[in-house]
Amino acid sequence: MSAESRDPAPEGPQGWPLGSGGHSGNSGSGQCPPPTMPAPWSLPRWRAYVAAAVLCYTNLLNYMNWFIIAGVLLDVQKFFQISDNHAGLLQTVFIGCLLLSAPVFGYLGDRHSRKATLSFGILLWSGAGLSSSFISPQYSWLFFLSRGVVGTGTASYSTIAPTILGDLFVKDQRTRVLAIFYIFIPVGSGLGYVLGSAVKELTGNWRWALRIMPCLEAVALVLLIVLVPDPPRGAAEKQGELAMGGLRSSWSEDVRYLGRNWSFVWSTLGVTALAFVTGALGFWAPKFLFEARVVHGLQLPCFRQPCNSEDSLIFGALTVVTGIIGVVLGAEASRRYKKVNSRAEPLICASSLLAAAPCLYLALILAPTTLLASYVFLALGELFLSCNWAVVADILLSVVVPRCRGTAEALQITVGHILGDAGSPYLTGLISSALRARRPDSYLQRFLSLQQSFLCCVFAIVLGAGCFLMVALHLERDQAQAQQPGTGTPDGKHVDCKDGESQSLLSGTRASTENP
């Protein structure tokens, strides 16, 4: 439910909020007088839904930026004269800068205006994307640098936007809104391929794709400034920012708290495995499908620009369709199953990853013999991978206290990208180039080298499933700790009489009990 209706905390006979022990706030007997409970923050329901729609639209553009280069990768390689391993480095630079800046944005998002931080990020990534379209071939290093700046800008959005949604909605409604929000990861990724390849076909120049995106992002920036509020941290759970202001912990204390939260730790490792696979698959799959069609005699090799972009369009369409279905299936299965099993979320993540592993393996192995079967199993693999996006976000929001969620999102993004998709495109390209160097120079051997370099993704998926099974062992305990009204200081520090005002406010709040 949106943060519209609020129940006052229970009061004693003098109108003071009751503490956790049920005693009225009396200044006598040596006790500290509790302060007046601040007025609860509220927002009309329609405003919350409008804000969610704007955030979803901007998330679409965010992930289009991630994969718009992959949609025209062959043309970029021809234009800048770069090999497979250097092409993979493009995505590594993008993700590397994203992960380095994510903790900074997480810190800012937990302590300063989230709206201002998001606006700065949109300006940064749109400006860098536009300027990169004017770089000449002899300055390929500058193109790599511009992709890094785009990654820095997108870090602000990936880190902060989910926490705003977490402060606008609770319970089943939060699950549904997050499902819609995370639908735009695969949809945006797929449309990135489609936009890049379609604009190149219309204009004959792949760089125009980078010039169209800033126009769409300018609209997103205006809508964000006008329509999206910046709710107090924990507003939806009735743990208002004012109630927690006196207990503001340091960044190092937040990190120590998250390091002891085993549901967060294991889910982060599971997300890392998922990011490893989606990073490699998203960057190299269009080229893999192109070379598969060349091997089958359905397509001529690309020797000069513009290269045929049909495979980018096909893979983009597959990503959009399977992403929508997968995210909805995962979120709905989680919503229904956790009514009978409180550990439903990590179990759904683990089972969907275990189903995706054989699908991806068969898609790779069958590609040289039957292209249709390869497409079918690739689509199924993408569908099962997409089941996780909304569910893992819901896990994080349910096991972490509200005032640490920005830092938690940042750390999950950082670790996931450092060990996941920051290196997987480069590693895949590096293995492909190493295998190709020891084989005859033919299109078949090039294809087989790329095919075999993909096999490491299958093992990563299985490891990710094991991590989510570990989450299931700790989930209930960590959720209970995150929902305790007195959960204020992550290290459980005692707050004495001089800090009594903050402690009284915290102990006077109760977990949200409103129905969706």
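Contact here means heavy atoms within 4.5 Å. The structure is a predicted model, in which local features need pLDDT of at least 70 and side-chain atom pairs count only at pLDDT 80 or more, while totals for chains, interfaces and linings use all residues. Residues are numbered from 1 along each chain as its sequence is written, and side-chain values use heavy atoms, with hydrogens and water left out.

Leaving aside residues up to four places away in sequence, Leu55 touches Leu118, Tyr157, Ala161, Ile164, Leu165, Phe181, Leu224 and Val228. Leu55 is also among the residues that touch the most other members of the largest nonpolar core, which holds 129 residues. Such a core is a set of buried Ala, Val, Leu, Ile, Met, Phe, Trp, Tyr and Cys residues joined through side-chain atoms within 4.5 Å. Buried means under 20% relative accessible area, exposed over 50%, and partly exposed in between, with a 1.4 Å probe and protein chains only.

| Residue | Relative accessible area |
|---|---|
| Cys56 | 6% |
| Cys404 | 0% |

The count of disulfides (cysteine sulfur atoms within 2.5 Å) is zero.

Glu382 is buried but has no salt bridge, and Arg293, the nearest side chain of opposite charge, is 15 Å away. A salt bridge requires a side-chain nitrogen of Lys or Arg within 4 Å of a carboxyl oxygen of Asp or Glu. Not counting residues up to four places away in sequence, Glu382 is in contact with Leu281, Phe315, Leu318, Thr319 and Thr322.

Notes
Lys and Arg count as positive and Asp and Glu as negative; His and the chain ends are not counted.
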